[in-house]
Amino acid sequence: MVEEIPLPCARLGTRRVLAVHRFGTPGARPKAYLQAALHADETPGMLVAHHLIRLLRKATVTGEVVVVPVANPVGLAQVVEGTHVGRYALDGGGNFNRQFPDLTDAAAERLTGALGGDPVENVRLVRAALHAAHAGLTPVTEVAALRHALLGLALDADLVLDLHCDQEAVPHLYTGEALWPALSDVAGELGCEAVLLERDSGGTPFDEACSGPWRHLAGRFGSETPVPPGCAAATVELRGKADVSDTLAEADARALLRVLVRRGVVAGEAAPPPPACEATPLAGLERLTAPRPGVIAFHRVVGERVAPGDLVAEIVDPTAADLAQARTPLRAGVAGLVMARSNRRFAGMGELVASIAGREPLQRTGRGLLFD
C-alpha cells in the first residue's frame with residue numbers, strides 16, 4: 001500500500017506530500033522503518049529504496065515494513081541557479097537532519113508510576129507514551145512539520161535505518177554505543193568499512209530522536225522498572241553522492257532485505273552476515289579542514305589507511321608569487337581510515353577536506369561531534 005501524507009503549505013499554490021510504502025500488517029512485530037534522502041541531495045538511498053520496494057512486493061512480510069523513498073520533498077525542491085541545496089533548509093530551518101523533537105521528557109511524565117517489572121509490558125507502555133508525546137506537538141513551520149511526520153512514522157519501530165551518503169566515501173554507519181554490536185549485521189551486510197559510535201552526538205539527528213528516548217528513559221526509571229532498547233536506529237552512509245547505479249543499489253537493497261529476514265520482519269532464511277568492521281568512536285573522527293583557500297590536490301583516496309604524519313592532501317594557492325609557499329600540506333593527525341573526502345576540488349578557509357576514522361577519542365564533546 002502507498003499512502004500519501006500531505007505536508008502543510010508554506011506558500012499559497014504549493015503542495016508537497018510524503019509517499020509512504022507500507023508492507024505487512026500495521027502493528028505487527030517486528031517493525032522496520034527505512035527512509036532515504038533526508039538530505040535531499042543525497043541520491044543513492046532513493047535508488048536503493050526503489051529496489052527494496054520491488055523486492056518487498058515479492059516477499060512475505062510477517063511483521064511490518066515502512067519505506068519512505070523520498071523523505072524530504074521540501075529539500076528536493078530547493079534548486080538555486082541549477083545548484084541543488086538539499087542539506088539545509090533555505091527558510092532558516094537549519095540542517096534537515098538536526099533538531100528532531102526529543103520526546104523523552106513528555107514521555108517520562110506519562111510513564112511515571114505506570115512502569116512495572118515486566119520489560120515486555122514496559123516496551124508497550126513506552127511506545128504508547130512516545131506516541132502520545134508526539135501527538136501533543138504542534139509544528140509551526142513546513143520543515144518542523146516534515147520532521148514531525150517522519151518521526152511519527154518511525155518512533156515505534158524496532159529497527160530504523162536512515163539512508164544517507166557522504167560526498168566521496170566508503171560505506172559507513174553511525175549508531176549509538178548501546179546499539180553495538182546488535183547492529184553489526186547491518187554493517188556487515190552493507191560492507192561498511194567504518195562504524196562510528198556515540199552516546200549523544202548533540203543536535204538530535206533523526207536516528208537519535210528514534211533510539212535516544214529509550215536509553216534516556218531506562219536511565220531515569222532504573223533497574224526495578226526495566227526499559228529495554230526498544231528501537232535500534234542507525235544512519236547509513238551509502239558511499240558518495242556520485243555512487244548511483246542499479247548495480248550498487250540492487251546489491252544494497254538485497255543486503256537490507258537479508259537484514260529484515262534475519263530479524264524476523266520478512267519470512268525466509270538468511271545465512272550468517274559477513275563479519276562487521278571494527279567500530280570506532282565518533283569522537284575519534286579527525287576532520288581535516290583547509291587552513292587557507294585553494295585548490296585541493298588529494299594524495300589519498302577513500303578506503304586508504306593512514307598513519308600520523310601521512311600526507312592526505314595539499315591546498316594549492318595558484319596565485320602565490322612564491323611557489324615554495326603555494327602548497328599547504330594537510331597531514332593525518334591520527335592513525336585510521338580515510339573514510340570520506342570532499343567531492344569538490346576547491347576549498348574555502350575552514351571547509352572540510354577529508355575525514356579519518358581513528359580509534360582513540362579526540363578532545364571533542366557534545367555538539368562538536370557532529371559536522372553540520
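**Cavities and core**

Modeller: In this predicted model, the count comes to 2 cavities of 30 Å³ or more. The largest cavity has a volume of about 40 Å³. Its lining consists of Pro44, Leu47, Val48, Arg239, Asp243, Val244, Ser245, Leu248, Ala249 and Asp252. Sorted by class, the lining has 6 nonpolar, 1 polar and 3 charged residues.

The second largest cavity holds about 30 Å³ of space. Around it lie Leu34, Gln35, Ala36, Val48, Ala49, Leu52, Val67, Val68, Leu163 and Leu256. Here β3, α1 and β4 are the elements that give two or more residues to the lining. By class, this lining divides into 9 nonpolar, 1 polar and no charged residues.

As for the packing, the largest nonpolar core has 43 residues, and Leu56, Val65, Val67 and Leu161 have the most contacts inside it. Two or more core residues come from each of β3 (31-36), α1 (44-58), β4 (64-68), β9 (159-166), α6 (184-189), β12 (194-198), β13 (232-240) and α8 (246-262). The largest share, 8 residues, is that of α8.

Leu161 gives a local view: leaving aside neighbours within four places in sequence, Leu161 is in contact with Tyr33, Leu34, Gln35, Val186, Ala234, Val236 and Leu256. A second, separate core has 42 residues, including Val126, Val143, Ala157 and Ala209.

Methods
Residues are numbered from 1 along each chain as its sequence is written. This is a predicted model: local features need pLDDT of at least 70, side-chain atom pairs count only at pLDDT 80 or more; totals for chains, interfaces and linings use all residues. Side-chain values use heavy atoms; hydrogens and water are left out. A nonpolar core is a set of buried Ala, Val, Leu, Ile, Met, Phe, Trp, Tyr and Cys residues joined through side-chain atoms within 4.5 Å. Buried means under 20% relative accessible area, exposed over 50%, partly exposed in between (1.4 Å probe, protein chains only). Helices (H or I, at least four residues) and strands (E, at least two) are DSSP runs, numbered from the N terminus. Contact means heavy atoms within 4.5 Å. On a 1 Å grid over the protein atoms alone, a cavity is a set of points where a 1.4 Å probe fits but cannot get out, and a pocket is an open set with protein on both sides within 12 Å along at least five of seven lines; lining residues have an atom within 4 Å of a point. Grid points are joined across faces, edges and corners, and a volume is the space filled by probe spheres set on the points. Ala, Val, Leu, Ile, Met, Phe, Trp, Tyr, Cys and Pro count as nonpolar, Asp, Glu, Lys and Arg as charged, and the others, Gly among them, as polar.
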